[in-house]
Amino acid sequence: MATVTVRNVWKEYGPTVVLENVRLEIADHEFVTIIGASGCGKTTFLKMLLGMEQPSRGQILIDGVPIRPEPDPDRGVVFQRYSSFPHLTVLENVMLGLELRSSKITGKLFGTARREARAAAMAMLESVGLAHVADRHPAQLSGGMQQRMSIAQAVIRKPKILLLDEPFGALDPGVTADMHELILRLWEENRMTIFMVSHDIQESFQLGTRLLTFDKLRVDPQSPEAYGASVTYDMPLTRKTKPKTLPS
Amino acid sequence: MRRLINQHPGRAAGLALGVLPFIALLVMYVIASHLRLAENPDDKLLPALGKIASTFHSYAFEEDRRSGQLLFWVDTWASLKRIGSALVISATLGMVLAVGIGVVPRARALLSPLLGTIAMIPPLAILPVLFIVLGLEETAKIALIVLGIAPCIARDLALRVGELPKEQIIKAQTLGASTWQLILRVVLPQLWPRLIDSLRLSMGSAWLFLIAAEAIASTEGLGYRIFLVRRYLAMDVILPYVVWITLLAVLTDLALRLIRARAFRWAEPER
Amino acid sequence: MARNFSLRAFLFAVFVGAALLITQAARAAEKTSFNVAWSIYVGWMPWDYAGQSGILKKWADKYGITIKLTQMDYIESINQYTAGKFDGCVMTNMDMLTIPSAGGVDSTALIVGDYSNGNDGVVLKGAGKKMADIKGQSVNLVELSVSHYLLARGLESAGLAERDIKVVNTSDADIVSAFATPGVTAVVTWKPQLAEVSAMPKTTLVFDSSKTPGEILDLMVINSQVLKDNPKLGKALVGAWYETLGVMLAKDAKAAAALEIMAKASGTDLAGFKGQLATTFLYTTPAAAVAASKSPDLVKKMDLVRKFSFDHGLLGEGAKTVDAVGIEFPGGVTLGNKANLKLRFDPAYMQMAADGKL
């Protein structure tokens, strides 16, 4: 179960108000897509879910429990770039989550535990179609493959929530269709609640079960920072299991 | 005719150009030496190549009359031991400080101003104090080198830690990493190649400080020997020693570069 | 091809030009301007005073020449003199033998200024020690300098040899701080460091140069060829030297002022400087200096010095015997290879001063 409650959340930096009174109830297994103009708090919102930032006022709860004020395994993340570890192979990248969980002192596994973790990681790689590059390093992969690895890396820990920060923004259009298929499949298989920030409106409609739009409710031209953004549209979308094919 | 910037020498020509300055210097030396020796056969400033060779031979392969040792090798070993110890200590100290300052905000607040200040102390100026506090033996000499290069290594590596993308750190935390695990599995492994880079850059300074320390109070060592015979303008001893030190520095640099390439393939830039 | 030819010609010109630049050998010819180097030490401070007070200029003008005094680090000055950058330089007799003379630069001791009469000494930690107590210790000093020589003489006096101790080369600037560390128990050095070290509690001065009179001489050394071609230089320098000594040693206010100036220039106060002078045996009159130069004692002392130098390999790699470098004394007396006389004691100019003929 991974229900998310956002209770009267404000975010201010000094005199600047970024987010104003955000209130949300997200059910388990939702795929929440988030859109909005630049500077309207989408990324800030995601960072607060992640634990990177703390709300100035209000609370965020998962399953009724306030989230910890720092990133933790309950909330997985895939960034647009740089979330892979260049010194590890693709397989080791994906194994890392399992190793960190089980081996507190050395951060590495040995013997049977290691073999089991390897097997689980290989299975994960197969499911995202990267088994053939298991021994390469991320720098040798294409952008799309790196993102697939990053997703696999996060999902193998079975987080309650998966946060995606414009994950497909840097990829070629031809690759994104595959990525959509992948993320939807993993979403189904692992029953996570996903929050995805995107600039692509079409993508947001295609993938999401619920669309959130962040925008500023009021703007004072004299002092633009006085009012923050909030959720201006909150739209449930038809629950999907497969993406709609793109119109040719 | 292409522009100069677009004229590339071929492989053989490139090699020849690279060797040319050395040959030119050698020829200039031989001419100058010959002229001086013609006026004064005992001249010590520019000894003949033959004399340099025979002096070097006596230092390296003939036992010294008074101590029965092969001075050249005794000196080399003594200096290498000192600089080797200093490099290991500096690398360790540098890594520990860098990881502390780079990863743990409290440690950064505590140590960063201190480290920055220590890095500014001119080591040669503080040498007499070192000798008073640590004595005139090996400790003070190694300490001088460490004082000279460890702060730079630490600051360089700390900067490198800061350059690690924040996304990596956050990702690791979402995968369950504690601070310790983060250091062990994310930060340290990425610091090793940078440590090698930092050591390579510090080698010149390390040799400088080694020679300075040996000049003050010593009984053997490459720097010791150079300063001892400096009184007598014995360039036939000094020149081979300087060439040897340069060679050692070049070889060490090469070795470090090879280690970096072999052990940390992932860190090499794409060709 | 025209391009290749000009390249080759250019390279050749660069070689030759650079080679010529490097070799600035002392051209033996008459000239009117001279360079003399000095360094800070009690025995040579009069040169600084001579330069500052105008005495040197007066004498140089008298002979129609200019003399430029340059102060430097001691060893650096001797090396520069050996390399031909200076016409003259102050130095000790041992350093004269082992650096310029052994380096083939024919040099003449124009002025025998003084000998160290307690300015150099061996100090051990602990009260009531004797020279013999040095056995088995590590001794910090400037290796192969006059301190080393003094140590050798001191060891001899106690029936010991150099293998009974261990020599640790220590830069003279650091001798005092070295002695302050617990690991250092024996040092050999000269004043003012010697004074500071002796002043430390629980130390004993077990040997000093007053026990080796006439062996550590402070000289004004001139390139023999330059001197031969330019006797005016010799006359001017000697004249200036003895006039300065005269001023210094008079018992009047001017002398006190002169001593004050010299003390300050050498980095100490009047009391400290007088303390150094007390252990320096100045040859106050030219006659005394001439007598010292002509004395057979000088030959004996130089023999000791050259033996020490040879034993420590200081006469050069090619020196097969102690005779390798020849030393000339007044009256045709020589030590060592007559065909290779590189160190000369020539009291001719001091004699002129004694006769009032300057």
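What radius of gyration would a compact globule of 248 residues have, and what does chain A have? Good morning, everyone, and let's start right there. A compact globule with 248 residues would come out near 18 Å; chain A has 19 Å, and that agrees. Please keep in mind as we go that this is a predicted model.

Staying with chain A for a moment: its C-alpha trace spans about 60 × 50 × 30 Å along the principal axes. The chain has 6 helices and 10 strands. Of its 248 residues, 41% are buried. If you take the contacts in chain A between residues at least 6 apart in sequence, 70% of them join residues at least 24 apart.

Now, over to chain B, where I'd like to show you some helix packing. As a reminder, two packed helices are described by the angle between their axes and the distance between the axes.

Take H3(B), residues 71-103, and H6(B), residues 138-163: their axes come within 7 Å and cross at roughly 35 degrees. That crossing is right-handed. The contact between H3(B) and H6(B) is made of 21 nonpolar, 5 polar and 3 charged residues.

H6(B) also packs with H8(B), residues 179-216, and here the axes come within 8 Å and cross at roughly 150 degrees. Angles over 145 degrees count as roughly antiparallel, so that is how H6(B) and H8(B) run relative to each other. This crossing, too, is right-handed.

If you have the structure open, do look at who meets whom. From H6(B), the residues in this contact include B:Leu144, B:Ile145, B:Ile149 and B:Cys152. Among their counterparts in H8(B) are B:Leu191, B:Leu195, B:Phe209 and B:Leu210. There are charged residues in the list as well, including B:Lys141, B:Asp156 and B:Arg160 from H6(B), with B:Arg194 and B:Glu214 from H8(B). By class, the contact of H6(B) with H8(B) has 14 nonpolar, 4 polar and 5 charged residues.

Finally, let's bring the two chains together. How many residues does each chain put into the contact? Chain A gives 27 residues and chain B gives 18 residues. On the chain A side, strand S6 (75-78) and helix H2 (90-102) each supply at least two residues. The largest share of that side comes from H2(A), with 4 residues. Sorted by class, the side of chain A that touches chain B has 14 nonpolar, 6 polar and 7 charged residues.

Technical notes: Residues are numbered from 1 along each chain as its sequence is written. Chains are lettered from A and ligands numbered from 1 in the order in which they are written. This is a predicted model: local features need pLDDT of at least 70, side-chain atom pairs count only at pLDDT 80 or more; totals for chains, interfaces and linings use all residues. Two residues are in contact if their C-beta atoms, placed from the backbone, lie within 7 Å. Axes are lines fitted to C-alpha atoms, for helices over the stretch in contact, and angles run from 0 to 180 degrees between N-to-C directions. A crossing is left-handed if the near helix is turned anticlockwise from the far one by less than a right angle, and right-handed if clockwise. The radius of gyration is taken over C-alpha atoms; the globule rule is 2.2 Å times the number of residues to the power 0.38. A residue is buried if 20 or more other C-beta atoms lie within 10 Å of its own, exposed if 12 or fewer, and partly exposed in between; C-beta atoms are placed from the backbone. Angles under 35 degrees count as roughly parallel, over 145 as roughly antiparallel, 65 to 115 as roughly perpendicular and the rest as oblique.
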